[in-house]
Amino acid sequence: MNLGLVIPVFAGATTATVLLGLISKWIDRKVTAWIQWRKGPPWYQPLADIIKLLGKETIVPHAAGGTGFLLMPLVGFATVSVAATILWWSNLNPESGFIGDVIVVLYLLTIPAITIILGGSASGNPLAAVGAAREMKLLLAYELPMLLVILAAIFGATTTDSSTGLAASFQLGTIKTAHTVGFAASLGCVIGFLISLMCIQAKLGLVPFDMVEAECEIATGPFIEYSGAPLAIIHLTRVMLLAVMPLFIITIFWGGFSFNSFGMILASLGKYVLVLVVLILVRNTNPRIRIDHALRFFWYILTPLAIVALTLSMAKGF
Amino acid sequence: MGLKTWALKKSIWLYHANVGACNNCDIEVVDCLTPRYDIERFGMLLAGSPRHADALVVTGICTCQARPRLQELYLQMAKPCVVLCIGACACTGGIFRPCYHFDGPVDKVIREVDPDAIIAYVPGCPPKPEAIISGALKALDAIPC
């Protein structure tokens, strides 16, 4: 990829992700409303929310560390944009990535959570500190099974015959186009997909794992002191994550997106909508659990399952 | 109407402050969120933090203890914002006006910290949810474009 192409690709991928995210956010609110027997907001609602927040006053509290407080939402937005660019690019041109881009994307998708921790801590609010502490524990909880199942997908995509197979399968394009061979490896990847669904539920802060914000308990936690444009950027970042996280696990476990023919476009959209609706249904049919319950769930239930998935997909190689 | 005003009118987040109400008006405010009225149709949501809110929904007479808190809440909100006085107590003090703990009404308390505050009055004991929704829309019409 030459340098002249970087800026248009970056701008295009970010815009596409924002649009997809805004539509997903609207679907989320609309489906939630239907489940609760309400009518729900009009289609432009997430966009109106963000434009409104951009036009409002930005308040920096006396107790806040101004630079970190205002910088962190921007850092989160930037990292999600870069992750989205790498994901879209390796979906559209599977052979054009670089070895290890899956690791880069994993790191980039961890940074928004860290910016929430830092921004919340910088705001000087005790409720934000509680939220930031919970985000830190939640990050430790879901990253372990998430990394294990992604490793399972990497082993599932490894070709046995070539000596460089393992190195090449640390590449998003290779994982996307690989056909998992054998029953054990396929089973491992299916379990991995289900586990990763629950991990992104926590990564997106959706309801069973929304103890970080917990609106009626700690009044949106780390975001409590944000207003105006920084809050708009936080909402934009979360909207983009709602598009990027399903895209990421679809790329890893479910053949990714492709737009070569009409049928392919329909299949890609179908996969995305299915993952999104599962996330929304889980969010609407569960109560918020406590942080220690979440930790126990991810470490004592999902991590052993993830190890089983990893073993199954490694078993094919031997 | 500019884009900014359009977005503000289509996406009003409410922060509910009870400054000494008998809980009847609070029930009517919560009624607005139920499937029967569903104010999310108009983009209205209950916000968890006053920093996120565009409308301060006040119920109650404003007691001596609540007075400084109410002023602090108003100052914490990002401008432009509006205040909704829900119920007879918030508008005038109602039947509790001669009581020893009355230190309102709400509009006087808010005007002390911001003389130009946009305040809508929704009278009733309690007001109907329709009246609350209509009051919110009228207050937003008063925001200068």
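**View 1. The loop that holds B:C62 lies between β3 and α3 of chain B.** Helices (H or I, at least four residues) and strands (E, at least two) are DSSP runs, numbered from the N terminus. This is a predicted model, in which local features need pLDDT of at least 70 and side-chain atom pairs count only at pLDDT 80 or more, while totals for chains, interfaces and linings use all residues. Residues are numbered from 1 along each chain as its sequence is written, and chains are lettered from A and ligands numbered from 1 in the order in which they are written. B:C62 has a phi near 70 degrees, a positive value in a residue other than glycine. Is B:C62 buried or exposed? A residue is buried if 20 or more other C-beta atoms, placed from the backbone, lie within 10 Å of its own, exposed if 12 or fewer, and partly exposed in between. B:C62 is buried, because 30 other C-beta atoms lie within 10 Å.

**View 2. B:N23 sits in the loop between β1 and α2 of chain B.** Its phi is near 85 degrees, which is a positive value in a residue other than glycine. With 11 other C-beta atoms within 10 Å, B:N23 is exposed.

**View 3. An open sheet of 5 strands in chain B has the order β2-β1-β3-β4-β5, with parallel pairing.** The edges are taken by β2 (45-46) and β5 (118-122) of chain B, each of which has a single partner strand, so one side of each is left without a neighbour in the sheet. Two strands are said to pair if DSSP finds at least two bridges between them. Strand β1 (residues 13-18) and strand β3 (residues 55-59) of chain B are joined in the parallel sense over 5 bridges, and in this pairing B:H16 stands opposite B:V57 in β3(B). Strands β3(B) and β4(B) also pair in the parallel sense over 5 bridges, where B:V83 in β4(B) is the bridge partner of B:L56.

**View 4. Strand β4(B) is mostly covered, as 5 of its 5 residues are buried.** B:V82, B:L84 and B:I86 point one way from the strand, whereas B:V83 and B:C85 point the other way. Towards β5(B), which runs parallel to β4(B), there are 5 bridges, and B:L84 stands opposite B:A120 in β5(B).

**View 5. Helix α2 (residues 24-31) of chain B lies across β1, β3 and β4 (82-86) of chain B.** Its direction is at about 145 degrees to β3(B), where axes are lines fitted to C-alpha atoms, for helices over the stretch in contact, and angles run from 0 to 180 degrees between N-to-C directions. Helix α3 (residues 66-76) of chain B packs on the sheet and touches β1, β3 and β4 of chain B, at about 165 degrees to β3(B). Together, β3(B), α3(B) and β4(B) make a right-handed β-α-β unit, meaning that, with the strands pointing away from the viewer, the path from the first strand over the helix to the second runs clockwise.

**View 6. Chain B meets chain A through 17 residues of chain B, which are in contact with 25 residues of chain A.** Two residues count as in contact if their C-beta atoms, placed from the backbone, lie within 7 Å.
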